[in-house]
Amino acid sequence: MTVTIFVCDTCKVAEDEKTRDGKTGGEMLGEAVEAQAAEAPQLTVRRISCLMGCDRHCNIALSAAGKLTYVLGRFEPTEESAAAIV
């Protein structure tokens, strides 16, 4: 079964910080999740602009055929969060 991880690439880095070093928190998290999932052929990572959870940045959604899709938030844009997501 293939699982798709959708990463909101427009999420801010922190409550009062939209970007850091020219990247949004979502872009940073997306890169980290993509790197973590590179060795997992059953995972597909897609970036999406806005999962409408801005109050709970950074947001992801987990989806698989025939299953419910879960939207989760409050992730830090870090390698540790990416590892936990994957």
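Start by selecting Glu34, which is partly exposed, with a relative accessible area of 33%. The model on screen is predicted.

**Stop 1**

Arg47 has a relative accessibility of 33%, so it counts as partly exposed. Side chains of opposite charge can pair when their charged atoms come close.

**Stop 2: Lys23 and Glu31**

Next, select Glu31. Which residue forms a salt bridge with Glu31? The partner is Lys23, and the closest N and O atoms of the pair are 2.9 Å apart. Glu31 counts as partly exposed because its relative accessibility is 34%. Lys23 is also partly exposed, at a relative accessible area of 32%.

**Stop 3: Glu17 and Arg20**

Move to Glu17 and show its side chain together with that of Arg20. Here the closest N and O atoms are 2.8 Å apart, and the pair forms a salt bridge.

How many salt bridges does the count come to? The count is 4, and the pairs visited on this tour are among them.

**Stop 4: the patch around Tyr70**

Now leave the charged pairs and select Leu68, Tyr70 and Leu72. These residues form a nonpolar patch on the surface, and together they have about 330 Å² of accessible area.

Within the selection, pick out Tyr70, which is found in strand β6 (residues 70–72). Is Tyr70 partly exposed or buried? Tyr70 counts as partly exposed because its relative accessibility is 49%; the exposed class requires over 50%.

**Stop 5: Ser81**

For the last stop, select Ser81 in helix α2 (residues 79–85). Ser81 has a relative accessibility of 12% and therefore counts as buried, the cut-off being under 20%.

To see what surrounds this residue, show the side chains of Leu29, Phe75 and Glu76. Ser81 is in contact with these residues, leaving aside its neighbours within four places in sequence.

Methods. Residues numbered from 1 in each chain as written. Predicted model: local features only at pLDDT ≥ 70, side-chain atom pairs only at ≥ 80, totals over all residues. Heavy atoms only, no water. Patch = residues over 30% accessible without salt bridge, like charges linked within 9 Å, V, L, I, M, F, W, Y side chains within 5 Å. Areas by Shrake-Rupley, 256 points an atom, 1.4 Å probe, with all protein chains shown as cover. Helix = DSSP H or I, 4+ residues; strand = E, 2+ residues; numbered from the N terminus. Buried < 20%, exposed > 50% of the residue type's maximum accessible area, 1.4 Å probe, protein only. Contact = heavy atoms within 4.5 Å.
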